[in-house]
Amino acid sequence: MIPWEKQGSAAWVACPGCAKWFPVDPQLLAERRVELVCPGCAQSFFSTDTAFVASSALSKAT
Ligand SMILES: [Zn+2]
């Protein structure tokens, strides 16, 4: 299953530490550099530090 196939307003990011996918507010990702905290392993990382970002909101805009 590909997470971003789900319909909704959430953006999905993958933790660079444990590769767990979790939803975030796409408005947060609109900021240049936002610190995210993984709910799986509690690692904090910046939105710019993961290549795994999918946003259904963005795909709708294209
Ligand atoms: Zn993690």
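## The hairpin of strands 1 and 2

In the hairpin formed by strand 1 and strand 2, six residues lie between the strands, and Ala19 adopts a positive phi near 65°. Helices (H or I, at least four residues) and strands (E, at least two) are DSSP runs, numbered from the N terminus. Two strands are taken to pair if DSSP finds at least two bridges between them. Strand 1 and strand 2 run antiparallel and are joined by four bridges. Ala11 has Val24 of strand 2 as its bridge partner, and Trp12 stands opposite Pro23 in strand 2.

This is a predicted model, in which local features need pLDDT of at least 70 and side-chain atom pairs count only at pLDDT 80 or more, whereas totals for chains, interfaces and linings use all residues. Residues are numbered from 1 along each chain as its sequence is written.

## Overall architecture and confidence

The chain contains two helices and five strands, arranged along the sequence in the pattern β-β-α-β-β-β-α. Of its 62 residues, 8% count as buried. Burial is defined by C-beta atoms placed from the backbone: a residue is buried if 20 or more other C-beta atoms lie within 10 Å of its own, exposed if 12 or fewer, and partly exposed in between. Two residues are in contact if their C-beta atoms, placed from the backbone, lie within 7 Å. Among contacts between residues at least 6 apart in sequence, 41% join residues at least 24 apart.

The predictor's confidence in each residue is expressed as pLDDT, from 0 to 100. The chain averages a pLDDT of 76, and 68% of the residues score at least 70. Confidence is highest in strand 3, at 92, and lowest in helix 2 (residues 56-61), at a mean of 50. Where pLDDT is low, the predicted coordinates should not be read in detail.

## Two alanines with positive phi

Ala19 is placed in the loop between strand 1 (11-14) and strand 2. Ala19 counts as exposed because it has 12 C-beta neighbours inside 10 Å. Ala42 also has a phi near 65°, a positive value in a residue other than glycine. Ala42 belongs to the loop between strand 3 (35-37) and strand 4 (44-46). With 10 other C-beta atoms within 10 Å, Ala42 is therefore exposed.

For context, most residues other than glycine have a negative phi.

Cys15 lies in the loop between strand 1 and strand 2. Cys15 counts as buried because 21 C-beta neighbours fall inside 10 Å. Apart from neighbours within four places in sequence, Cys15 is in contact with Lys20, Cys38, Gly40, Cys41 and Gln43. Cys15 and Ser47 are 32 residues apart along the chain, and their C-alpha atoms are separated by 9.6 Å.

Pro16 is likewise found in the loop between strand 1 and strand 2. Its 14 other C-beta atoms within 10 Å are why Pro16 is classed as partly exposed. When residues up to four places away in sequence are not counted, Pro16 touches Phe45, Asp49 and Thr50. The C-alpha atoms of Pro16 and Gln43, 27 residues apart along the chain, are separated by 8.6 Å.

Ala10 lies in the segment before strand 1. Ala10 is partly exposed because 18 other C-beta atoms lie within 10 Å. Not counting residues up to four places away in sequence, Ala10 touches Pro23, Val24 and Pro26; among these, Val24 is the bridge partner of Ala11 and Pro23 stands opposite Trp12. From C-alpha to C-alpha, Ala10 and Gln27 are 9.1 Å apart in space and 17 residues apart in sequence.

Trp21 is part of strand 2 (residues 21-24). Trp21 has 16 C-beta neighbours inside 10 Å and so counts as partly exposed. Trp21 and Pro39 are separated by 18 residues in sequence and by 9.2 Å in space, C-alpha to C-alpha.
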